[in-house]
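User: I would like to go through this model with you. Could you take my questions one topic at a time?

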Amino acid sequence: IQPSAPPAVPANLRELTWGKLNFLHTTCQRNDETDLCTDGCMEQDTHGWHSGHLQEPQYSADWGDYYSFTMRMRELADRQGVDLLVVDTGDRIEGSGLSDASDPKGKYVREIFSAVDMDVVTIGNHELYKEASSANDYLFLRPHYADHYVVSNVDIYSPLTNALVPMGARFRKFTTKNTKTRITAFAFLFDFNLNANNTVVHPVANVVTEQWFLDAILGDDTDLFLIIGHTPVRFSPEFLLILEAIRKAHGAEMPVQFFGGHTHIRDFVVYDDLSTGLESGRYCETVGWLSISHIPTAAAEDKGDNNTPVLFSRTYIDFNRFSFAHHSRPRSLPFSYQPRSPSTLSPDHDHGHHFDTRSGLHLSRTITSHRHTLHLDRIYSCIPSSYYLSRVPATSPTSIYSLLQTRILPDLVRSPMRRGVPTVALINTGSIRFDLLKGRFGEDERWNVSPFTSNWRVVEGVPGEIVEKLASAVERVGGPWVEEEGRGVLARVLGPQIPLGPLEDYYEGLRRKHFGVQSKFKSKSKSKSNNHNNHNNYLHHPHFPQLPLKTPHQYHEIHSRPQTLTPIPPPGYITHDDLYPCPPTANQPCSPGDDTPHTPILSYPLPHAILANHSFPSHSPGASHTPVDVVFLDFIESYVLAALHALGCTVPAVSKPYKIDLDDNKGAREDVTLTDIIVEWVRREWAPGPDGNC
Ligand SMILES: O=c1ccn([C@@H]2O[C@H](COP(=O)(O)O)[C@@H](O)[C@H]2O)c(=O)[nH]1
């Protein structure tokens with residue numbers, strides 16, 4: 001744990017269920033340039049949050065604590081004669097000072113991340129946005145993790161030879177240490193198309209027909225297929241295609257375990273009797289735990305062990321030392337637990353404390369030292385009260401979007417070259433990544449809130465009537481400014497032929513179009529309890545990052561369930577997945593998945609973009625002819641130009657840079673970012689006290 005982090009609050013934890021095969025899962029985000037790691041656990045879209053959450057006790061463990069956790073859990077697995085595998089599904093960079101404040105970005109995070117052994121590790125979309133990020137992954141993580149670094153559908157133009165080569169191993173076949181389970185592992189990135197042009201992402205639909213893939217899945221050398229990937233587990237056409245291919249080759253009896261990511265949620269999907277998928281949240285808030293009671297193998301067949309049903313269990317572990325220490329404590333466990341005498345403990349672990357390891361403590365100190373080098377504890381501002389990303393509707397006064405729309409953007413997205421010109425500014429809501437929490441706001445938090453390097457662009461002289469239509473389209477639909485839906489649909493959505501409707505209708509249409517296949521539980525229960533089922537599916541659309549407990553009725557429903565709760569459970573997730581609330585027809589054990597009972601945090605759907613009107617006198621006489629500057633982030637340039645075009649505006653092929661003067665003695669600049677704007681605004685508005693502290 002970092003010295004400035006709050007200690008975890010003790011809670012009545014739900015115990016983990018161990019099986020013969022167990023996994024720890026993270027999807028981290030890290031940036032990298034230099035050297036690398038080792039192998040072994042499971043994780044979630046970490047986005048560089050390896051220092052832990054310094055303002056939230058429930059997620060305050062750091063990567064050193066996670067290191068110790070994986071080591072202790074491996075010990076418990078060994079002592080029971082079962083297996084523990086550790087995996088990470090990518091997006092390790094962009095989201096924290098540790099990964100983004102260094103030059104080059106990610107200089108320190110790679111070294112830190114790679115201290116943890118991974119059995120299978122892969123990339124996310126954030127590793128591919130910039131040429132340098134994928135090149136560094138290829139140059140350093142690939143050799144470090146060797147054949148454990150698996151990337152089944154991405155190629156890279158090698159930074160060394162310029163030849164197009166596979167980004168990582170296409171697959172990995174291995175036999176587990178204790179139960180001798182034979183595993184064939186793949187790792188697939190969803191069909192991402194916003195990568196820099198030094199990489200090529202092959203659509204999963206093509207890859208599953210390629211000969212190398214068919215050869216890899218055929219034969220009788222596999223007891224379980226392990227498919228990890230930076231791909232959502234629910235509504236994912238990519239994962240369903242892979243499952244379909246494996247089912248075609250091996251029938252219904254082959255276990256297929258998926259670990260996904262990208263949508264930043266906790267989720268668990270039951271695809272069929274022998275296939276499930278786990279997604280383990282975001283930002284080092286969650287470690288996913290998955291266990292499989294046993295895998296039917298040839299050896300088990302000989303012992304007659306294959307006759308009992310295969311059961312899956314999942315738990316979302318809060319990323320704090322209390323949870324880590326609790327779950328890894330030596331105790332009586334289901335599979336013949338043998339306490340080791342102290343003298344047989346490895347030197348790394350034999351230092352009188354049952355949780356910490358020497359290497360874990362060393363890693364925590366290394367993080368502290370890098371934080372110091374990067375000045376991450378420098379304070380710019382003291383935020384008087386929190387502004388949230390999705391805990392409140394985007395229109396609420398305590399929404400960070402509302403603060404941006406009404407104050408920050410109008411105040412600072414201005415150019416001295418365009419004084420007096422009516423202006424509107426558009427940002428994609430995805431450019432904001434985290435809450436602006438009450439308290440210190442410094443060099444670390446700036447990257448938490450918005451880590452991207454996009455600059456501002458402008459289309460000048462857009463007729464007022466088009467700007468009015470753009471504003472109304474953004475308000476009503478939000479604009480599909482995310483890559484999955486950005487595949488050419490924006491013009492159609494904003495075009496007059498598509499009736500614009502409420503957000504729910506829009507999502508419903510997309511869901512029907514793209515995600516026809518439902519999980520077994522979903523389809524069974526649908527016939528019996530349509531309402532419940534639709535509700536659950538709705539909640540788990542990728543654009544609803546976490547359970548939105550929308551009505552007091554739902555709140556009551558959760559809290560009236562019998563649970564052992566501490567008097568005031570810490571705030572956090574109450575995850576709805578395929579096992580909770582219990583589906584009416586479930587034949588799997590049904591239970592809440594969060595290890596810690598929480599007081600729920602609400603989560604509301606967000607529009608895809610917000611538009612701030614600085615000075616455009618909309619609805620006033622003559623407004624429809626007023627020429628307006630439409631300013632936006634370069635990340636959404638192609639979408640904004642397409643939208644303006646669809647609305648009848650003659651637009652240039654590319655927009656112009658928009659120069660902003662932040663009054664910081666640097667003059668008007670083209671390289672100002674949204675992050676710079678936010679830092680400058682909160683610095684002016686809520687400066688720290690004379691001693692520099694909050
Ligand atoms: O330069 C960038 C890159 C990304 N974004 C936003 O991030 C999401 C993707 O992030 P995930 O963690 O993979 O969900 C993308 O849809 C954009 O909204 C950005 O704003 N600028």
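User: What kind of model is it, and how many helices and strands does the protein chain have?

Analyst: This is a predicted model. The protein chain comes to 20 helices and 27 strands.

User: What share of the residues is buried?

Analyst: Of the 694 residues in the protein chain, 60% are buried. As for contacts between residues at least 6 apart in sequence, 78% join residues at least 24 apart.

User: Which domain does UniProt list?

Analyst: An unreviewed UniProt entry lists "domain: Calcineurin-like phosphoesterase" for residues 45-265. In the model, that stretch is 30% helix and 20% strand, and its end C-alpha atoms lie 9 Å apart.

User: Which residues touch the most other members in the largest nonpolar core?

Analyst: They are Leu24, Trp63, Tyr66, Phe69, Met73 and Phe324, within a core of 54 residues. Elements that give two or more residues to this core include helix 1 (63-80), strand 3 (83-88), helix 4 and helix 10 (358-373). Helix 1 gives the most, with seven residues. Another core, of 37 residues, lies apart from it and has Val413, Ile427, Leu436 and Tyr658 among its members.

User: Helix 4 came up there. What is its span, and where does it bend?

Analyst: Helix 4 covers residues 131-145, and its 15 residues reach 20 Å from first C-alpha to last, close to the 21 Å expected at 1.5 Å a residue. The helix bends by about 30 degrees at Tyr138.

User: Which of its residues are buried, and what follows it?

Analyst: The buried residues of helix 4 are Ser133, Ser134, Ala135, Asn136, Asp137, Tyr138, Leu141 and Tyr145. After the helix comes Ala146, whose phi is positive, near 50 degrees.

User: Changing topic: how many disulfides are there, and which cysteines are joined?

Analyst: The count comes to one disulfide. It joins Cys382 to Cys694, with an S to S distance of 2.1 Å. The link is left-handed, with -95 degrees about the S-S bond. Its two ends belong to distant parts of the chain, 312 residues apart: Cys382 is in strand 17 (residues 379-383), while Cys694 is in the segment after helix 20 (674-685).

User: Are those two cysteines buried or exposed?

Analyst: Cys382 is buried because its relative accessible area is 16%, under the 20% limit. Cys694 is exposed because its value is 56%, over the 50% limit.

User: And Cys284 and Cys649, buried or exposed?

Analyst: Cys284 counts as buried because its relative accessibility is 0%. Cys649 is also buried, with a relative accessible area of 8%.

User: Last topic, Tyr316. Where is it found, and is it buried or exposed?

Analyst: Tyr316 is found in strand 16 (residues 312-318). At 0% relative accessibility, Tyr316 counts as buried.

User: Which residues is Tyr316 in contact with, leaving aside its neighbours within four places in sequence?

Analyst: Among them are Arg266, Asp267, Phe268, Leu278 and Glu279. The list also includes Thr575, Asp577, Gly593, Asp594 and Asp595.

User: How far is Tyr316 from Gly464?

Analyst: The C-alpha atoms of Tyr316 and Gly464 are separated by 50 Å, and the two residues are 148 residues apart along the chain.

Note on methods: Residues numbered from 1 in each chain as written. Predicted model: local features only at pLDDT ≥ 70, side-chain atom pairs only at ≥ 80, totals over all residues. Heavy atoms only, no water. Helix = DSSP H or I, 4+ residues; strand = E, 2+ residues; numbered from the N terminus. Expected span 1.5 Å × (residues − 1). Bend = angle between axes of the 7 residues up to and from the residue. Buried < 20%, exposed > 50% of the residue type's maximum accessible area, 1.4 Å probe, protein only. Disulfide = S-S within 2.5 Å. Core = buried A, V, L, I, M, F, W, Y, C linked by side-chain atoms within 4.5 Å. UniProt positions renumbered as here; feature names shortened; annotations may be inferred. Contact = heavy atoms within 4.5 Å.
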